[in-house]
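Here is a friendly walk through one protein model, written for someone who likes to check geometry. Have the viewer open as you read.

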Amino acid sequence: MTRAADAPPAHRASSPGGAFIHPGGALAYAVLVAVDVPLAVGDAALTYAAAEGLPPGAAVLVPLRTRLAVGYVLGPAPDGERPLRPVVAVLPDISPLPADLLELARWISNHYLCSTGEAIAAMLPPGLMRRVRVAMAVGSSLAPSRRLQALGERGVEVETLGRVLGPGAAELLRRWLAEGSVRLRVLLPQAPPAAPSSRPRRLRVHPALWTPGRETRRDVVLLGRKREGTYLAAVSDTLRRGKGVLALFASVAAVERFARRVHDVLGAEVAVLHAGLPDEARLARWLAVRRGEAMVVAGTRGAVFAPLERLGLVLVDEEADVGHREERVPRYHVREVARRRAEVAGATLLLADEVPSVETFALVGQPAVAVLRPEGSRPPRLVVVDLRRRGQAGKELSPPLVAALERTLRGGGRALLFVHRKGYAALLLCTECGHTPACSRCEVPLAYDATGQVLRCRYCRDEAPAPSVCSRCGGRVFAAQGIGTQRVARLARALRLGPVFRLDTDVVRRRGEAAALLQQFRDRGGILVGTPLVLEVEGLPAVDLAGVVLADAPLRYPDYRAPEQGLRTLWRLGGLARSWYVVQTYAPDHPALLALRRRDLRLFYREELRLRRAFRYPPYGEVLSIEVAGRDPAAREAAVVLAAIVAVEVEVLGPARLRRGRQSHWQVVFRGRTAAVRNALEAWLRHPPAGVRAAIEVNP
């Protein structure tokens, strides 16, 4: 949650039942209105006076400080004594929000510690809360200026309307509307003609792919790479029962691919919603879904809020992908919001991934949770190179990997060399035993700062001098791991085995450049050196050999989620190779690599869940990261006070200074049982010090 110091308080009404006597003498009703501003934790919305009781979900125009804003009615306000500002107008052109989305907004507000208005603003496409455009028709009783006449011709955004009308705009506009001197009309895009509906074709599938749905809600965890058949079967079964489907993907390309397959195989139309669409097109499609013109909706993050009625299936593809986490307030995760939507609607939740998140794997074995494992393709032959052995240490391309490259390229094949993403914090490893120094408080690998020769924790920001002796084996030789694509490409060219191509964000900056590079790789063969971008691009040619230059980097990135994300990357890379998969590592006994070698994910998750439970990481606890920003010394003092909050079973890490922008930024991390963490923070969040802002991230 981001809280502004001058945010208005949540006003209260002054008589039972939400009715009160307005200072002007007329009977009015007190209503809670959600507006897009940060509020103190626990405050649902702001309270306004209305001339009549308004239904929950109704869109209204209200004054907010010195401007006009669009909000949504949550219901009658509780009792209070404060005089209220009146609602300017009800906006009937905007259909009321459905009850299930209002309930979802309240849940997001509570779970992600933001105001209900911020939650609703994140749920709606542009044009329904932010950037609403209105046209004002001026009657003959009012002598309009040229500026007022222009408002009726082209319309303006609501915030601009307040500036055009000048000081006292809210009261002036309310009086004009009451007198009938003006009329307001919300400008919404014209909906394209709906495609002629046809009865979707049924798909007969083996029960191992999909069991026909029942009326009771269930969760399904789908493991494996080949999942399309299960998706189509689940969609077909849901449509057969007359219910809607919500399919969520981490990339726009995956959305478009799913929509084409559903149309081609099942004959069903799919409403596509994602941020790549123009604002007007996205709004038009959202409104069409609201009118009930679509039974299947597919999209990226924001599509999780599509107003589908009679929801029967919520599908989350690649549920562990970082693309499912929203970076703006509220910083929600699609998987968690999708779970809540499925619970409220009584729908089936389908969570799918090759390597699921630890939170999802923890569901396996619980009642009403089914696990599906479609058959996959035959995996390539795996070779794990232990870089600790004599002759391997210190070599970016080990003899076994070079031999595999020679064998592949001289046979006319293609090879892929994977290097961890750019910009990661380098690791310090003991070359004798593979040990990486970790934070004793946070159980995450320490980042190595080569300039200052120090080790630093990403969470608690503790620092320590770089060791000269390994604490595990007593070894004295350490390797700072930080090799990038440019150096690997230079080493690959020195082998003189064929053309070498690089695929990273330094090389691919504009649309179409990746496709051109991959076409050269397809035509000429050779070696492709790439970052995780190779797992995201479309049209990657088949490779005979995949080689991981250093598996330790993704597995030991200083983040408690690094092991699961690292295993997911390594597992997916293995699926790209047809013949050979070579993985170089200093830690061949890491649980992720043991799971990779034996093709058994349970070996990894058992150990990871044990560590998560011991250190109270999700799903056994909660991590709240709070960033305090403002001018010094106010920001620094606020962070110190925040870090001094002590509660049973809550560990406080920090404060640590962040180098970000001109203002002072400080980070404090809380870890422990969910209820204990939130109870400890509630008082501070309700009354933060003046002059500072606090941004909260739940389970980063």
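How far is the sulfur of Cys470 from the closest cysteine sulfur, and in which residue does that sulfur sit? The partner is Cys433, and the gap of 3.7 Å is too far for a bond. Before going on, please note that this is a predicted model, in which local features need pLDDT of at least 70, side-chain atom pairs count only at pLDDT 80 or more, and totals for chains, interfaces and linings use all residues. Residues are numbered from 1 along each chain as its sequence is written, and side-chain values use heavy atoms, with hydrogens and water left out.

**Cysteines**

A disulfide is taken here as a pair of cysteine sulfur atoms within 2.5 Å, and a search of the whole structure finds zero of them. Cys430 has its closest cysteine sulfur in Cys473, at 3.7 Å, which is too far for a bond. Cys470 is buried, with a relative accessible area of 4%, and Cys430 is buried at 0%. The term buried stands for under 20% relative accessible area, exposed for over 50%, and partly exposed for values in between (1.4 Å probe, protein chains only).

**The seven-stranded sheet**

Helices (H or I, at least four residues) and strands (E, at least two) are DSSP runs, numbered from the N terminus. Two strands pair if DSSP finds at least two bridges between them. Seven strands build an open sheet with parallel pairing, in the order β12-β13-β11-β14-β15-β10-β16. The edges are held by β12 (271–273) and β16 (369–372); each has a single partner strand, so one side of each is left without a neighbour in the sheet. Direction ignored, neighbouring strands of this sheet are turned by 15 degrees against each other on average.

Within the sheet, β10 (residues 219–223) and β15 (residues 348–353) pair in the parallel sense over five bridges. Leu222 stands opposite Ala352 in β15. Helix α6 (residues 228–240) lies across β10, β11, β13, β14, β15 and β16, and runs at about 165 degrees to β14. Helix α8 (residues 279–290) also packs on the sheet, where it touches β12 and β13 and makes about 135 degrees with the direction of β12. For these angles, axes are lines fitted to C-alpha atoms, for helices over the stretch in contact (heavy atoms within 4.5 Å), and the values run from 0 to 180 degrees between N-to-C directions.

**Helix α1**

Helix α1 (residues 99–111) has 13 residues and reaches 18 Å from its first C-alpha to its last, close to the 18 Å expected at 1.5 Å a residue. That expected span is 1.5 Å times one less than the number of residues. Its buried residues include Leu101, Leu104, Trp107 and Ile108. The buried residues of α1 pack against β5 (67–76), α2, α8 and α9. Just after α1, Leu113 takes a positive phi of about 55 degrees.

**Backbone details in loops**

| Item | Backbone value | Loop |
|---|---|---|
| Val329 to Pro330, cis | omega near -5 degrees | Pro330: between β14 and α9 (334–345) |
| Asp632 to Pro633, cis | omega near 10 degrees | Pro633: between β28 (622–630) and α18 (634–643) |
| Arg131 | positive phi of about 60 degrees | between α2 (116–123) and β7 (133–138) |
| Arg599 | positive phi of about 55 degrees | between α16 (591–598) and α17 (602–615) |

Arg131 is partly exposed at 44% relative accessibility, and Arg599 is partly exposed with a relative accessible area of 44%.
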